[in-house]
Amino acid sequence: MSEPREAAEGADGGVGFPIRPPVLYFLSIAAGMALGARWPVGFLPLPLPWLGTAVIVAAIALLVASIREFRRADTSFRSRRAVRAIVRSGPYRFTRNPIYLAFTLIQLGFAIALDDVWLLVLLVPTVALVHWGVILREERYLTEKFGEAYAEYVRTVRRWV
C-alpha cells in the first residue's frame, strides 16, 4: 500500500462508464444463455460440466480473496468510488485486475459447463468493454492519484495475468 497524493476523495475512480462491470458480465452471461437456449451451438468434443464448475468455483474464490484484500486495506473495490490505497497483497501480487479476471473466468466457466459457444462469443466484447471502458480509465485515475507509486506497481504486476 502507498499513501495517496492529494486528489478529490469524491472522485469516481476515473470511471465514467455507464454500466458497472458486474452488471456488464451478468448481462453478457444472460444474453449468452438466452442465445444458447434459442440456437444451441456447442464447442467442446464432449460435455465437461465438472471442469466448468471447477473454473467457476476457482473464480469465486479469486473474487472473494480480491475483495477481502481491498477491505483489509480499508479502501473501496467499487469502480465508482474513490480509493485510498494501492492494494498489492493477495491476488494483487499477480494481477492488477483480479476482480475483472474472476468475472471473466466465471463467464468462461459457464461456457464450458454448458458447452455454449455464445457465452464465449459474448465474452470477447465484454472483456473489450471492460478493458477500454473501465480498466484504462481506472488506470488514468490511479496514475493521477498515486503517481510514481502506482507507476511502480504497473511496472511490476501485469494488468490481467
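Glutamate 152 and arginine 155 both sit in helix H5, three residues apart, which is about one turn of the helix. In this predicted model, their side chains meet in a salt bridge, with N and O 3.1 Å apart. Glutamate 152 is partly exposed, at 34% relative accessibility. Arginine 155 counts as exposed, at 53%.

Arginine 155 has a further partner. Its side chain also meets that of glutamate 148 in a salt bridge, at 2.3 Å from N to O. Glutamate 148 is exposed, with a relative accessible area of 52%. Side chains of opposite charge can pair when their charged atoms come close.

Now turn to arginine 96. Arginine 96 forms a salt bridge with glutamate 139, and the closest N and O atoms are 2.8 Å apart. Arginine 96 lies in the loop between helix H2 (49-72) and helix H3 (98-114), while glutamate 139 lies in helix H4, so the pair ties together parts that are 43 residues apart in sequence. Are these two residues buried or exposed? Arginine 96 counts as buried, because its relative accessibility is 11%, under the 20% cut-off. Glutamate 139 is buried as well, with a relative accessible area of 11%.

The structure holds five salt bridges. Three of the residues form one network: Arg96, Glu139 and Arg159 are joined by salt bridges that share partners.

Glutamate 139 also takes part in helix packing. Helix H4 (residues 117-146) packs with helix H5 (residues 148-156) at an angle of about 130°, and their axes are 6 Å apart. That angle makes H4 oblique to H5. Which residues meet? From H4 come Glu139, Leu142, Thr143 and Phe146. From H5 come Glu148, Ala149 and Tyr150. Four of the contact residues are nonpolar, one is polar and two are charged. Glu148, on the H5 side of this contact, is the residue whose side chain pairs with arginine 155.

Step back to the whole chain. The protein chain has five helices and zero strands. Along the sequence the pattern reads α-α-α-α-α. How much of the chain is buried? Buried residues make up 43% of the 161 residues. Among contacts with a separation of 6 or more, 81% join residues 24 or more positions apart. The accessible surface of the chain comes to about 8,800 Å². Carbon and sulfur atoms account for 66% of that surface.

Definitions and conventions:
Residues numbered from 1 in each chain as written. Predicted model: local features only at pLDDT ≥ 70, side-chain atom pairs only at ≥ 80, totals over all residues. Heavy atoms only, no water. Axes fitted to C-alpha atoms, helices over the stretch in contact; angles between N-to-C directions. Helix = DSSP H or I, 4+ residues; strand = E, 2+ residues; numbered from the N terminus. Parallel < 35°, antiparallel > 145°, perpendicular 65-115°, else oblique. Contact = heavy atoms within 4.5 Å. Nonpolar A, V, L, I, M, F, W, Y, C, P; charged D, E, K, R; others polar. Buried < 20%, exposed > 50% of the residue type's maximum accessible area, 1.4 Å probe, protein only. Areas by Shrake-Rupley, 256 points an atom, 1.4 Å probe, with all protein chains shown as cover. Salt bridge = Lys/Arg side-chain N within 4 Å of Asp/Glu carboxyl O.
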